[in-house]
Amino acid sequence: MDNIRLTIKDASRFVDQKVYEGFLSQVDTLSAELENATCPGSDFLGWLHLPSSLSQDLIDDIMVTAESMRRDCQVVVVAGIGGSYLGARAVLEALSNSFGGLRANHDAPQVIFAGNNISEDYLYELKDYLAGKKFGIINISKSGTTTETAISFRLLREWCETSCGKDFARRNIVAVTDARKGAARMMADKEGYKTYVIPDNVGGRFSVLTPVGLLPVAVAGFDISRLVSGALSMEETCSSKSPAAENPAAVYAAMRNALYAGGKKIEILVNFNPKLHYIMEWWKQLYGESEGKDNKGIFPAAVDFSTDLHSMGQWIQQGERTIFETVISVANVNHELRIPSDQENLDGLNYIAGKRIDEVNKMAELGTRLAHVDGGVPNMRIEMPKVDEYYIGQLFYFFEKACAISGLMLGINPFNQPGVEDYKKNMFALLDKPGYEKESEAIRERLK
């Protein structure tokens, strides 16, 4: 099968070739550090060979659990935040009918998400939506104490036990959590919930190819074996054995860093297919949390074209030239629809009557890329042959491998996130969490 393809010619003209080649020359050393676990953050490299190390037994077990939940449940709620839900949601949003709920077909339960915010209205409306429905829960948390997810799971568990019965809840609550420790593990063991393990050496934003992502995708009725197969093919393509210039992850990482060194501080990930919106959200977390530290890092932004051409298009075309774009282009869509002719032609569209909608969309894409390059915006392009499990799996692994190399080129640890804890400390202090008494006193003095 074809691979996704990266094209950099419309970015290369904006960088000093020697600077780009300098970054590319680092790839062999950095790849060796990843392979030998000698790089910063080496305790979190479990994702590196995850596609090739996933056992068929685990995949089969996930599929059995998914089939059981599909039989029992009208709805399955995934409770998780950040990397504990974005990957699964990206797959479901990309593959589901835009108006059919997040599922492969009406025989599968609708998959919905909670635990990624602390909105009282959202949770109240969720309770209202679930009333009278048989629903299961996939609780995804290593610790079981992440505030947003823990609040949602506490509510969901109570609602499920009350409305569906404790036996039903015990069968249809699944914990994806730590192997040995943490509140979620303790509760699962106590209640007898089915469990899957989040490997200790896989960080949340790299976890989509573990049960964190695979179980919700399987419950929704999509083919997780093809997702893993796509990732495996890209693992092989981006192997440390591949020459750097032929390794798309290495080329992407080197070009991003060359652009950054030349003053391009913001990367805008672009799609022309609204089904890819949550892949953009997953990518934003992956790169933002991995690279934004030590006062360094390219700021990851995303837009949905052509929609956002009518809002952000002016800024991108003529604003400050600190940006570059990476466009995800889909070669083949799944359906065919043509523009009809109209006798009166009041809208002036008869010049494209008979054309497929996708042809018009592709000309909008090409015209936009040409205009933005002419306006001083470097452009890279990633072409997916089509949107399906296989190529989404490829895209996931490509971005993960490139992120690791790119972060190491920046001279940072791509696998930690120390800054994420700062807001939590303030929130705990403001809520008078036990153990935060000194912080509570200090923050209240500050707010006087």
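Me: What makes β1 and β8 the edge strands of the open sheet?
Reply: The sheet has five strands in the order β1-β10-β9-β7-β8, with mixed pairing. β1 (5-7) and β8 (299-304) each pair on one side only. Strands (E, at least two residues) and helices (H or I, at least four) are DSSP runs, numbered from the N terminus. This is a predicted model: local features need pLDDT of at least 70, side-chain atom pairs count only at pLDDT 80 or more, and totals for chains, interfaces and linings use all residues. Residues are numbered from 1 along each chain as its sequence is written, and side-chain values use heavy atoms, without hydrogens and water.

Me: How do you know that β7 and β9 pair?
Reply: Pairing takes at least two DSSP bridges between two strands. Six bridges join β7 (residues 266-271) to β9 (residues 323-332), so they count as a pair. The two run parallel, and I266 stands opposite I323 in β9.

Me: Why is α2 called oblique to α13?
Reply: α2 (residues 17-24) and α13 (residues 248-261) pack at about 135°, with axes 8 Å apart. Axes are lines fitted to C-alpha atoms, for helices over the stretch in contact, and angles run from 0 to 180 degrees between N-to-C directions. Under 35 degrees is roughly parallel, over 145 roughly antiparallel, 65 to 115 roughly perpendicular, and the rest oblique. That value therefore makes α2 oblique to α13.

Me: What makes the contact of α2 with α13 nonpolar or polar by class?
Reply: Contact means heavy atoms within 4.5 Å. α2 contributes V19, Y20, F23 and L24, and α13 contributes residues including A250, M255 and N257. Ala, Val, Leu, Ile, Met, Phe, Trp, Tyr, Cys and Pro count as nonpolar, Asp, Glu, Lys and Arg as charged, and the others, Gly among them, as polar. The contact therefore has ten nonpolar, one polar and no charged residues.
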